[in-house]
Protein chains: 2
Amino acid sequence: MRILILGGDGYLGWPTAMYFCVRGHDVHTVDNYLRRRAHREQETDSLTPILESLPARAEAWRAVTGYRIGVTEGDLCDWPTVEQVFREFEPDAVVHYGEMPSAPYSHITREHAVFTQYNNVVNTLNVLWAMRDFAPEAHLVKLGTMGEYGTPNIDIEEGFIDVRHNGREDRLPYPKLPGSWYHCSKVHDSTNIHLACRIWGLRSTDLNQGVVYGIETEETRYDPRLATRFDYDEVFGTALNRFCLQAVIGHPITVYGQGGQTRGYLNIVDTLQCVELAVMNPPDLGEYRVFNQFTEQFSINELADLVQRAGREYGLEVRIDHVDNPRVEAEDHYYNAKHSALLDLGLKPHYLSETLVESMFAKIEEHADRVITKAIMPKTRWRPEREPVPR
Amino acid sequence: MRILILGGDGYLGWPTAMYFCVRGHDVHTVDNYLRRRAHREQETDSLTPILESLPARAEAWRAVTGYRIGVTEGDLCDWPTVEQVFREFEPDAVVHYGEMPSAPYSHITREHAVFTQYNNVVNTLNVLWAMRDFAPEAHLVKLGTMGEYGTPNIDIEEGFIDVRHNGREDRLPYPKLPGSWYHCSKVHDSTNIHLACRIWGLRSTDLNQGVVYGIETEETRYDPRLATRFDYDEVFGTALNRFCLQAVIGHPITVYGQGGQTRGYLNIVDTLQCVELAVMNPPDLGEYRVFNQFTEQFSINELADLVQRAGREYGLEVRIDHVDNPRVEAEDHYYNAKHSALLDLGLKPHYLSETLVESMFAKIEEHADRVITKAIMPKTRWRPEREPVPR
């Protein structure tokens, strides 16, 4: 298949490109280095060293494997770029990771919030238009997030819910309670993609992904030059990855607030498996379907405890600190999210274990000299720090 | 009260400004003439002649009544403009009409879709930020649309619905099925405003308005220079207004498809009453509430028949044509939308009648020489006219 990977320079995009390539697909990637620029702006960086550009990574991939990954360095908000990529590559499937992916980033300033929504909404609209005009039968596999749902007091279904109300019923989009400007942008995308499927007959799978952890995939292990990025800072790092790094460098684990916040999690290797299952099992034309993409639920406290236990085994002394929660979120809530669609398609989960955590410790230790310690404590707050203007 | 009216040059914005001003409030308006520019782009115009600028309208208002309406000519997507307006005017209430308001406009080209979503999402984010920083206790009265809900097969509630599911329950945002890029932009706004209320403690009333009809309000009748705009073209005109004009000029009434499309409608004078009721009864800080703002439901066929009957009384021969539906929408569907919140606050509806339609005929006749006939038939289609690219 001809598979277009948008955001091919990212934490998941680059491993996904290698994964499909090695399995015989024709892979083309697009990236505008948004994440690299955002890191420079925040004076942070990936823990793992990554090559200086996507063409350099594709070249290393070719040197190591003999396979070719196509590259376009460009911005999906720029229509001529999108048009050219779709016209020339003629994708069968479009895997769309190409968005600003951070909730804290979207809360730094007004400009960051506006940029996040502009970037994510407009680039996805461009992709939908390009599919309409140049690839109407292609399958859009869009990375959404479990954070679109928030933490409702009922079970979370996969995208749609059967509602019985006043004696009638309908199957409707699951109500969304996104908790950040970034998460709102993903809800906006879902709304837009659903419309495009209804009015233009496009087909799409919206993968509402949980929090991804892990550093390595089968393909990153081929050669150090094929490493994917690993973020541990307060803006781009995600819970378990951050905690593992904190354990290794002797920083207390930063649990935000009470730590009862519960979310879905999955191993990076399962992200690749899930995306492949979605790509290989496309919906009908006109169908918009949603899969909840995670394998297990954990509370923050459970993760912190696991990292502490694994640390003890590994010989690390791990302290757990409850810091002021910079976000506005429930810290003790009901959470039961369904995630059977991908299992039904054949997903074989790699569950979280102390062994996995210890292997992350080992990988992090290799690069511990690169850690920028000032990037660890949370600084980005959901609520303004100063008092409201007096009236 | 100090009332800021965003989109104060529009069909509803200008009458709202006069309405609050004459009732003793301190009124400031902002507009960037987006609608006037869009009309020039489409080579269409308001049926009613309106003065050349918002300052000219405010000056005429002052000449006629002695009252003052403040004016800022500027774009709400431009942060310095928004910041200055909020810092200087210090509003108690913000009535936000300042958006691109047309579904067909958002389907003209990709650029129009992107512009509609960019404009509406970004300007509302700017307003939310300005409220956070300069007017945290002000009340945002945001004009949404009943079109956010689409046509679900269950009763439509006012913004939220109590869902019982697998033995648990929660009150959640009502699921949305917007039917155009424009309607999606309004859903995006609702999602963003709801978040701002939850994380920043802002207060907002989202008025999900039905289709507005009518040409005159108490204040527009003071003087011809105080007229509001009246759109009848396929892009900006709405159903009943378009049909009345078609009847007057002897054009067949353009029913799209079967005509079973049912929506909520209200008289322009009731829009003013509803907005006033919302403004005078603010929610608590942190509350996001939704009112469905319409007074009656009609199908397109019912409206066409009403205009035909009123035409017969008035001496007009009115033909009804079913034209190919340019939109993608259900033409025969269940529709039962709740709208009791504004009635509970004291709304006294002006219901639609043949008499009202005849008074619209009379007003339209005054300006019949200004009608641009080529703007009447639908040209903007939801689906691309050309065939998909062969693969």
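This is a predicted model: local features need pLDDT of at least 70, side-chain atom pairs count only at pLDDT 80 or more; totals for chains, interfaces and linings use all residues.
Two residues are taken to be in contact if their C-beta atoms, placed from the backbone, lie within 7 Å.

Helix 7 of chain B spans residues 239-249 and is mostly covered, with ten of its eleven residues buried. The buried residues are B:Ala239, B:Leu240, B:Asn241, B:Arg242, B:Phe243, B:Cys244, B:Leu245, B:Gln246, B:Ala247 and B:Val248. Just after the helix, B:Gly250 adopts a positive phi of about 80°.

In chain A, helix 7 likewise covers residues 239-249, and A:Asn241 is placed in it. A residue is buried if 20 or more other C-beta atoms lie within 10 Å of its own; A:Asn241 has 23 C-beta neighbours inside 10 Å and therefore counts as buried. Leaving aside residues up to four places away in sequence, A:Asn241 touches A:Tyr213, A:Phe230 and A:Tyr232. A:Asp231 lies ten residues from A:Asn241 in sequence, and the C-alpha atoms of the two are 7.5 Å apart in space.

The relation between the chains was also computed. Chain B is superposed on chain A by a rotation of 180° with 0.0 Å of shift along its axis, at an RMSD of 0.0 Å. The two copies are thus related as by a two-fold rotation axis. The same surface serves both copies, since 100% of the contact residues of chain B recur in chain A.

Technical notes: Residues are numbered from 1 along each chain as its sequence is written. Chains are lettered from A and ligands numbered from 1 in the order in which they are written. Helices (H or I, at least four residues) and strands (E, at least two) are DSSP runs, numbered from the N terminus. A residue is buried if 20 or more other C-beta atoms lie within 10 Å of its own, exposed if 12 or fewer, and partly exposed in between; C-beta atoms are placed from the backbone. Copies are superposed by least squares on the C-alpha atoms of residues with pLDDT of at least 70 in both.
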